[in-house]
Amino acid sequence: MPGVSQGQDDRRLGCVGRFDVRLRHRSARSERFAREKGMTVRVRYAPSPTGYQHFGNLRTAVFNYLFARKHGGVFVLRIEDTDRERSKKEYEDLIREDFEWLGIAIDESPWHGGEYGPYRQSERLHIYKEHLERLVKKDMVFRCFCEGEGEPEAEKKQVVSPDPCRFLPAEDVKRFEKEGRPFCWRFATPRDAIVRFKDLVRGNVRVKASEVTDFVVIKQDGMPTYHFGVVVDDALMKITHVIRGRDHLTNTANHWLLYDAFGYEKPTWCHISRTSKLKKREMLDALDHLEMGVRPKKPIPVIGYRKLGYLPEAIVNYSALLGWHPRDEIEKFNLDDKIEEFDPKDLTKGDSAFDISKFNWLSEKYIKEADIDRLSELARPFFEAADITPPEDKLYLRLIDALRGKCAMVSELPPRFVPFIGGVKLAEDGRKTLQEPGAKKVLGLIVNKMEAKTDLKPEDFDPIIREVGEELGVKGKNLFFPIRSSIIGTPHGPMMSLYLEIFGKDEVLRRLRAGIGE
RNA sequence: GGCAGGUUAGUGUAACGGUCAGCACGCAAGGUUUUCAUCCUUGUAUCACGGGUUCAAAUCCCGUACCUGUCGCCA
């Protein structure tokens, strides 16, 4: 049984299966309702294809996904493309690609199909029309002839409720229609209703209908507004739990009233906190300035991380961490392993902020622990893009493995190969190191010892270096920096033994001698 | 402005009347060490503020401040 505590409610109500006469919306109990009535839990993620997806959206989808899986339910994706101006096919394609890339399984969608389709609002216009008729018949909507096709920038007109057009004399309405004046349909909000519902994260919510304006349901262009589309579609698609962003919390009153107007059974609402630090402008700007191998300083849309070579698991994992955390406090986890544990009531009420350094930390972890063959294959395109030719198979794998530490994105790998495939390019810090007083002496002795040894193996390198250190009384940086600098051009890098393995004795000797010459 | 929601270390969070307020990232200091890598140790919060209720409050109540959302023919 889902871990929602509901014993108290049940006791008070005495029975389950009947709706509270006070119009109280069924609450968290609905999970039980659903089971007892043999209903399937159905949730949905309903993006509008007007921009890129980012962590904020993604985590809404992730929580929906977890909830669906936990209850053996269905995860629906619906495209809300009622904004004719801003909706773009390419954004919809991107949404699809993102999900496929991230490995989040969707059950019903425009591209997966399903028995409650179509799943694109622009293809459901006839349904909205029919629903509008129903409200017209019940006299619950009215035409509004006011000017003002939404100019968001325009000064906000004083909220007037009810809307003046609601009381337009019938003859005026007739005349305006005859004149062909454009109009939209508004909902005639019942003045005295009180909206109450229980939110899975917020608890009891109560809104007076008198605070709800006579909102638009059908726009002048015939498209439904968000409020209208959402309610009609969620109802028809048999959505049982609406898990969405907190910004819709106050809108829920509108939706509640619409459900009532249609006589549809209401879903359980669950408003999750928002994610701050995700400024659309900045994200788009950062996306325009992507540079392979360079970690973005600011958050970017999912497509950006995809391009840079972040691993999808890291993204999914981190998005689940935004407003939720596992009980065992282990933050790196596989989404599917958390299905049982997930419970909306554990979601944070406060907003959460995207922390790019923590995200990078997680990503590094994923890359460090990734399957080496898979990582190698993932990396190939990035070598091409960087115009760096990777070495052949065995060496390639070896280097990927040796150089993957502290790598948050795959595109960081190719540049690290450079010291191993071309000649030495002395970096500034490398040059400086070689100029240090004892540097040449260290290199000289190493060369001598290496030359003396006939059958030199990679694992012999360490002992030799140690001997040199002891004999010269040098250790730490003074010992290792010059060696590494002459071999790869910079004092920092992977373990010493790797060099002999990769380059072989002759090449290492050549580089060490060259270092002495610097 | 009305309405709604939020406020625990720099960040993400735990705790749901009784713990020296726990964990993680970051940062700082120290140790190990072949590195500004790894690993280990330590430090980093008088729980926004002010009042209450209580033997006891981060936890309950009220007020204030600040942040956010909504009040669009955007979703």
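1. Basis of the model. The model is predicted: local features need pLDDT of at least 70, side-chain atom pairs count only at pLDDT 80 or more, and totals for chains, interfaces and linings use all residues. Residues are numbered from 1 along each chain as its sequence is written, chains are lettered from A and ligands numbered from 1 in the order in which they are written, and side-chain values use heavy atoms, with hydrogens and water left out.

2. Confidence. The predictor's confidence in each residue is given as pLDDT, from 0 to 100. Chain A has a mean pLDDT of 85, and 90% of its residues reach 70 or more. In residues 150–158 the value is below 50, and this stretch has one contact in the model beyond near neighbours in sequence. A contact here means heavy atoms within 4.5 Å. Residues 1–31 also stay under 50 in pLDDT, and the model has 58 contacts for them beyond four places in sequence.

3. Overall architecture. Chain A contains 20 helices and eleven strands; these are DSSP runs numbered from the N terminus, with helices (H or I) of at least four residues and strands (E) of at least two. Of its 518 residues, 50% count as buried. Buried means under 20% relative accessible area, exposed means over 50%, and partly exposed lies in between (1.4 Å probe, protein chains only). Among contacts between residues at least 6 apart in sequence, 74% join residues at least 24 apart.

4. A residue is near a strand if one of its heavy atoms lies within 4 Å of it. Of the atoms of RNA strand B that come within 4 Å of the protein, 68% belong to sugar and phosphate. By class, the surface near RNA strand B comprises 23 charged, 18 polar and 15 nonpolar residues. In this scheme Asp, Glu, Lys and Arg are charged; Ala, Val, Leu, Ile, Met, Phe, Trp, Tyr, Cys and Pro are nonpolar; and the others, Gly among them, are polar.

5. A polar side-chain atom of Lys358 lies 3.1 Å from a base nitrogen of RNA strand B.

6. Helix H11. Eight of the nine residues of helix H11 (312–320) are buried, among them Ile315, Val316, Asn317 and Tyr318. The buried residues of H11 pack against several elements, including helix H3 (55–70), helix H4 (89–102), H12 and helix H13 (372–386).

7. Phe63 lies in helix H3 and is buried, with a relative accessible area of 0%. Beyond four places in sequence, its contacts include Ile272, Ser319, Ala320 and Trp324. The C-alpha atoms of Phe63 and Ile272 are 9.1 Å apart, although 209 residues separate them along the chain. His227, in helix H7, is buried at a relative accessible area of 15%. Leaving aside neighbours within four places in sequence, His227 contacts Phe215, Asn251, Asn254, His255 and Leu258.

8. The Gly117 to Pro118 peptide bond is cis, with omega near -5 degrees, and Pro118 lies in the loop between H4 and helix H5 (125–137). Lys238, not a glycine, has a positive phi of about 60 degrees; Lys238 sits in the loop between H7 and strand S8 (241–245) and is partly exposed at 48% relative accessible area. Asp387, also not a glycine, has a positive phi of about 60 degrees. Asp387 is in the loop between H13 and helix H14 (393–403) and counts as exposed at 71% relative accessibility.

How values were computed. A polar contact is a pair of N or O atoms within 3.5 Å; within protein, one must be able to donate a hydrogen and the other to accept it, and residues adjacent in sequence count only if both atoms are side-chain atoms.
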